[in-house]
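Trainee: I have a model open and want to learn how to read it. Where do we begin?
Mentor: Take a look, then we go feature by feature.

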Amino acid sequence: MVGLYGGTKSQGRVGQRAVIYLGQGEREELRLGPGQPGCPYKPGPVSNGAAGRRPTLIEPDRLKDFGEEDLVNGDVKVYETKVVGGPEIVLMEPPKTRRVSEFRIIPRPLAQYLRFEDISAAAFRIQAGIQKTPCTYSRLSKQYGMEIYLKKEQLHYTGSVKERGVLYLLTSLTQEQQRKGVIVASDCNFSMAVAHHAVELKVPVFVIMPSCCASPRLRIYRDYGAMVISYGSTSHDSQNHARHLAKENGYLYLEEDENPAYLAGLGTVGMEIYEQVPKLDAVVVPAAGQYGLLAGTAAAIKHLNSRILVIGIEPEGFPLLLQSLKTDGPVKDMHSNPNKKLYGDLMERSLGVNTFQLAKKLVDKVISVSEEDSLVAMLRFQEFERSTVDTEGAMGLAAILAGQLPELRGKKVAVVVSSANMELELVRQCVDRALVLDERVSKFSVQLGEWPGDMARLLDFLSREDVRLLDVCHRRHSDKADLFNAKVECVVETRDKAQSSHLRKTLSERYPSLCWLDR
């Protein structure tokens, strides 16, 4: 029961007390309001109920702080209040810490030296200045049991596939470099391509040649529009002079190397082959352009279809790539002595590190062909394809003719014919030698008596055998032991090996003194 009563007047102030009955015999007083002396408040009667009840100093709203009160029979009824809090906050477990040793370091892949995107960009850039060479079905296909398609890169203006790489290389130069000009110092397909396309792009071009260079070759460079300078007696002298001029005048000295732009341009051959020959099984590529043609073509072909075989061909007298693959690194010095007239472009070059890595990764097989097989392949080009190529361009077909690729029988094969730059006199010598190697030209000697008509009967026999007589030599006093006989030497040409074998057999039966001479 809560009651209020007045206290005594003390020092002019009235004190007020609230008595809260908590139970029997227990009482607690709570002073409310002013209890200071001098307070004007006067005590009055205190009773329960409405009558005689005076207002309390505690505001009704303040009673909420103490709980609701029901005055029932003088007792105090207390209600329990339950405080309902917000949703329980559940803390997450701390993340598991990991040791540094648990993290696996994944190395970033190395940037590719030659990407297909580079080759595709080169194809777009050079399409206006380079013709799309044909890739035609060969008449030799049935003879060798496979579908042979010849990619005739020798049909370019300078007769070489290197025009592709050179043109993209020149268009990739800065305007400042193009304004100053370029300079080359070697008599090869690369230099001819630079001379031609630099003039077409209106880039000044200088060609430094040794004095031993043939006049017809110098005339070719001048006809292209290049400035030709003869200097020194060897190629090393002209190259050193070219570097000196480039340093003094700001020219860009160009030489055939593994420049990415040059390789990308050469790689466009692979894109064209894939487009021209559907359902292709293999591509045979000669080691031209410092093996850049092989690396670039392999990069394009393997990106388009990894199942297509890429086979590289190099001369037997200079197997640079084969030796490098055996030693797992580019070989710098090759101790060999191949024919410089036939493989001049390959002799003065080396195998770069990046080109070697591309060939090692992308080329499926590398084989070497002999000089004799290359010469016979040149002969086959003239007979069946009505075209003249050099030994470098004939190496791809030479590997097929020599029977070194039996796994390609019955398949569709593209052969890259890279170049056809050879002096006319050297072409004639190569054809003569190839006829002998193919057993089409033979030389023999017989002993004839001095009786009238013996020589005529021999010539008549050769005519009936449909044999072409190329040369004849009649020596009357060649043998001192037999004074009454004359030695006759003949050089004849047959259609093929079968006719040559038949001629040998019939001559041996008719003339016991027959002797075949090795040319």
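**Reading the sheets**

Mentor: We start with an open sheet of 4 strands, in the order β10-β9-β8-β11, with parallel pairing. Keep in mind that this is a predicted model.

Trainee: Which strands stand at the edges, each with a single partner strand?
Mentor: β10 (227-230) and β11 (252-253) do. One side of each is therefore left without a neighbour in the sheet.

Trainee: What holds strands of a sheet together as pairs?
Mentor: Strands pair through backbone hydrogen bonds, either parallel or antiparallel. Here, β8 (residues 182-184) pairs with β11 in the parallel sense, over 2 bridges. Within that pair, valine 182 stands opposite leucine 252 of β11.

Trainee: Which helix packs on the sheet, touching β8 and β9 (205-209)?
Mentor: Helix α5 (residues 189-200) does, and its direction makes about 155 degrees with that of β9. Helix α7 (residues 235-249) also packs on the sheet, where it touches β8, β9 and β11. The direction of α7 makes about 150 degrees with that of β9.

Trainee: Now another strand. How many residues of β13 (residues 309-315) are buried?
Mentor: 6 of its 7 residues are buried, so the strand is mostly covered; buried means under 20% relative accessible area.

Trainee: Which strand pairs with β13 in the parallel sense over 5 bridges?
Mentor: Strand β12 (residues 282-286) does. There, valine 283 stands opposite valine 310 of β13. β13 is also joined to strand β14 (residues 365-369) by 5 bridges, and these two run parallel. In that pairing, isoleucine 313 stands opposite isoleucine 367 of β14.

Trainee: And the surface? Which residues make a nonpolar patch of about 200 Å²?
Mentor: Leu459, Leu469 and Val472 make it. Valine 472 sits in strand β17 (residues 468-475).

Trainee: Why does valine 472 count as partly exposed?
Mentor: Because its relative accessibility is 37%.

Trainee: Zoom out. How many helices and strands are there in the protein?
Mentor: There are 17 helices and 19 strands. Of the 519 residues, 43% are buried. The accessible surface comes to about 30,200 Å², and 51% of that belongs to carbon and sulfur atoms.

Trainee: Last one. Among contacts between residues at least 6 apart in sequence, what percentage join residues at least 24 apart?
Mentor: The figure is 70% for this protein.

Terms used. Residues numbered from 1 in each chain as written. Predicted model: local features only at pLDDT ≥ 70, side-chain atom pairs only at ≥ 80, totals over all residues. Heavy atoms only, no water. Pairing = 2+ DSSP bridges. Contact = heavy atoms within 4.5 Å. Axes fitted to C-alpha atoms, helices over the stretch in contact; angles between N-to-C directions. Buried < 20%, exposed > 50% of the residue type's maximum accessible area, 1.4 Å probe, protein only. Areas by Shrake-Rupley, 256 points an atom, 1.4 Å probe, with all protein chains shown as cover. Patch = residues over 30% accessible without salt bridge, like charges linked within 9 Å, V, L, I, M, F, W, Y side chains within 5 Å. Salt bridge = Lys/Arg side-chain N within 4 Å of Asp/Glu carboxyl O.
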